[in-house]
Amino acid sequence: MLTRRARQVLDAPVACVILGDGFSARMLALKLLLFKGIASVVCDTERSALGLLIPAGTYCGLCPTSEGALVQAQLEDMADSFEDGVRFLVFGSERFRTLMESRREALESRYIIADKSSIFSMSAPFRCNG
């Protein structure tokens, strides 16, 4: 279920959805916010305590499942619920990368799928805060 804050982030012209709520996902959300001015939504089945330590990225819960089709449907619903804009999708954990690998092509119609290491070098319409 999307919170009000997650809806605001996803309604922005540029947003990033990070699958997996771990240390690297929270650090990526923090770097995107500080260096590119992009807010992120961190999605996972359980919220980690790292969200309290590194508050960058708005948390959005996913249904606890190991079924890729259900996760894909949730991500598609998230993308379809908001105005047109640039949405990045980053796999913040190996579990989601493996789960969604066979569904990558379907997700590419709604998201720009980026690696954690290459998202900063992509030439996207990043906006600047300020």
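I began with a cut-off: I call a residue buried when its relative accessible area is under 20%, and exposed when that area is over 50%. The model is predicted, and I kept this in mind for every entry below.

Entry on Gln-72. I found this residue in helix α4, which covers residues 68–80. Its relative accessibility is 12%, so Gln-72 counts as buried. Leaving out residues up to four places away in sequence, I noted that Gln-72 touches Met-100, Arg-103, Ala-106 and Leu-107.

Entry on Val-9. I located Val-9 in helix α1, residues 4–10, and with a relative accessible area of 10% it is buried. With residues up to four places away in sequence again left out, Val-9 touches Ala-15, Ala-39, Ser-40, Val-41 and Thr-58. I also looked up its separation from Leu-70, 61 residues apart from Val-9 along the chain, and the C-alpha atoms of the two are separated by 22 Å.

Entry on helix α2. I asked what span its 14 residues, 23–36, should have at 1.5 Å a residue. I then listed the buried residues of α2, which are Ala-25, Arg-26, Leu-28, Ala-29 and Leu-32. They cover an arc of only 160° around the axis, and therefore lie on the same side of α2. On the other side of α2, I found Phe-23, Leu-34 and Phe-35 exposed. For the buried residues of α2, I recorded packing against β1 (14–19), β2 (39–44), α3 (50–53), β3 (58–61) and β4 (86–91). Just after α2, Gly-37 takes a positive phi of about 75°.

Entry on rings. I searched the whole structure for aromatic pairs and the search found zero. What I did find is Arg-95 lying over the face of Phe-96, at 4.3 Å from the ring centre.

Entry on confidence. The protein averages a pLDDT of 85, and 92% of the residues score at least 70. Over residues 126–130, however, pLDDT stays under 50, and for this stretch the model has 10 contacts beyond four places in sequence. Where pLDDT is low, the predicted coordinates should not be read in detail, and I left the matter there.

Technical notes
Residues are numbered from 1 along each chain as its sequence is written. This is a predicted model: local features need pLDDT of at least 70, side-chain atom pairs count only at pLDDT 80 or more; totals for chains, interfaces and linings use all residues. Side-chain values use heavy atoms; hydrogens and water are left out. Rings of Phe, Tyr and Trp (its six-membered ring) pair if their centres lie within 6.5 Å; planes under 30 degrees apart count as stacked, over 60 as edge-to-face and the rest as tilted. A charge sits over a ring if NZ of Lys or CZ of Arg is within 6 Å of the ring centre and within 35 degrees of the ring normal. pLDDT is the predictor's confidence in each residue, from 0 to 100. Contact means heavy atoms within 4.5 Å. Helices (H or I, at least four residues) and strands (E, at least two) are DSSP runs, numbered from the N terminus. The expected span of a helix is 1.5 Å times one less than its number of residues. Buried means under 20% relative accessible area, exposed over 50%, partly exposed in between (1.4 Å probe, protein chains only). The arc is that of the directions from the helix axis to the C-beta atoms.
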